[in-house]
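Let's take a walk through this one together, from the overall outline down to the ligand. Keep the viewer open and turn the model as you read.

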Amino acid sequence: MNPAARVQTAIELLDAIIIAARDGGAAADTVATRFFKERRYAGSGDRRAIRELVWRAIRRFGKIPINGRSALVALADKDADLAALFTGEGRAPGVISADEPRATGSDMPKWLVPHLDPLITEREAQALLERAPLDVRINALRAAQLEDDGLPMPTGGEPLPAPLLGLRFASDTNLLDHPAMQLGAVEVQDAGSQWIAHACQARAGMTVVDLCAGAGGKTLALAAAMAGPDGDVDGLLVACDTDRRRLQQLPVRAERAGVERIDARLLDPRRELEALDDLTQVADVVLVDAPCSGSGTWRRNPDGRWRLTPQRLAVLVTEQARLLDLAAKLVAPGGALVYAVCAITREEGEAQVASFLARHAGWTAEPVWNDPAGAASPGRPSGAGRLLTPAHDATDGFFIARIKAV
Ligand SMILES: C[S@@+](CC[C@H](N)C(=O)[O-])C[C@H]1O[C@@H](n2cnc3c(N)ncnc32)[C@H](O)[C@@H]1O
């Protein structure tokens, strides 16, 4: 494809992404994968260039543009090289006219600004849209086997700060086919997610519940922290979710990681406790990695800004409160709830924890980290928890709190 045809194809892909975002359809990544499957004539160089242009437009506009062309025309107004490709010849997009519609507005949805955690300044907000690096967690169990087999760990990564055991690579690194990835010696996981697992302070012999385990990214990190001498989970590690498709990925990932003895439980939405009856007041730690706005992960999924609405945010806040109340029932006296969201709104973070503490007498917030003095202490205080952000911590945006049952 020539450069002008790539621009026209980018307009068409943006149209598909805009329609999906408006109708609650698939996320941009999924739309793009389907789009290119139907256009086999686009080679890998074409796909890369088209994606780059489309994601540049998604990052630039905080609210949904009326269509793909209006977004790319607005970009072309500030980019003479791009504007020169709107020639109308062959597969090129039509010539730009002075009075045709242009996408407008800032990169942060305007309605969301008053909802942001007060720590999110304009500079912080911009960093939320910069490209994220590729972080991996090292799975010590499989890393040792990899070494025994004479296979290499990926090179070129920077170690993540201790006590995390992980590496950071440039954002365009592809490790999918690397033996360390295929054999489970490394797992893709943002450093912020690794810090959440660390905040659980899970150890061998404990009873730990990962209430919203999804496909088990943090469950596997918890399993590593609870490993006995044979490498298997020592204690009880329960991983739950209401999404069967996600939870079904956990056994496959656990097998690859060499982890056994995770108790996976599919929950019925609104009847979650029925499957957790045996755990009432017995858990040392319950992790609530709650469904959230995802506003902390916009550097990976910038189209999330086009899907979030005030109504959706309100629904999420109510659901998080319900899940926290439910999780509290599972915590043993002296045990802890760890609440986390990959979100940077006040309602989902500090206000959520403040209202939990107001509802539950006898619970108190405690420090999120309990590492020896001098260890890394990411994030900044936000109410009773800590807020991690790309600008301050070089992680995705997360809120984390530890709440203790007396
Ligand atoms: C932020 S994601 C969790 C990510 C996961 N912990 C990880 O590390 O990859 C939130 C999860 O909560 C799950 N969820 C939503 N409602 C739930 C409920 N009522 N009970 C348990 N899990 C729920 C979603 O299906 C989703 O997988």
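**A walk through the chain**

Start with how the chain is divided up, bearing in mind that this is a predicted model. The domain assignment gives three pieces: domain 1 (3-105), domain 2 (134-188) and domain 3 (191-405). If you take the centres of domain 1 and domain 2 over their C-alpha atoms, 35 Å separate them.

Now zoom out to the whole protein chain. Its C-alpha atoms fill a box of roughly 70 × 55 × 45 Å along the principal axes.

An unreviewed UniProt entry carries the annotation "domain: SAM-dependent MTase RsmB/NOP-type" for residues 124-406. In the model, that span is 30% helix and 23% strand, and its end C-alpha atoms lie 36 Å apart.

Next, look for an open sheet of four strands, with antiparallel pairing and the order E2-E3-E1-E4. Strand E2 (158-159) and strand E4 (186-188) are the edges, each pairing on one side only. Between strand E1 (residues 134-138) and strand E3 (residues 166-169) you'll find four bridges, with the two strands running antiparallel. To get your bearings there, pick out Leu134, whose bridge partner in E3 is Phe169.

Helix H9 (residues 191-199) is the next stop. Is it buried or exposed? Mostly covered, it turns out: nine of the nine residues in H9 are buried. After H9 comes Gln201, with a positive phi near 55°.

Finally, the ligand. Which residues come nearest to it? Of the 19 residues around the ligand, the answer is Cys212, Gly214, Gly217, Asp243 and Asp289. Helix H10 (217-225) and strand E6 (236-241) each supply at least two residues of this shell.

Technical notes. Residues are numbered from 1 along each chain as its sequence is written. This is a predicted model: local features need pLDDT of at least 70, side-chain atom pairs count only at pLDDT 80 or more; totals for chains, interfaces and linings use all residues. A residue is near a molecule or strand if its C-beta atom, placed from the backbone, lies within 6 Å of it. UniProt positions are given in the numbering used here, feature names are shortened, and annotations may be inferred rather than shown by experiment. Domain bounds come from an automatic or database domain assignment. A residue is buried if 20 or more other C-beta atoms lie within 10 Å of its own, exposed if 12 or fewer, and partly exposed in between; C-beta atoms are placed from the backbone. Two strands pair if DSSP finds at least two bridges between them.
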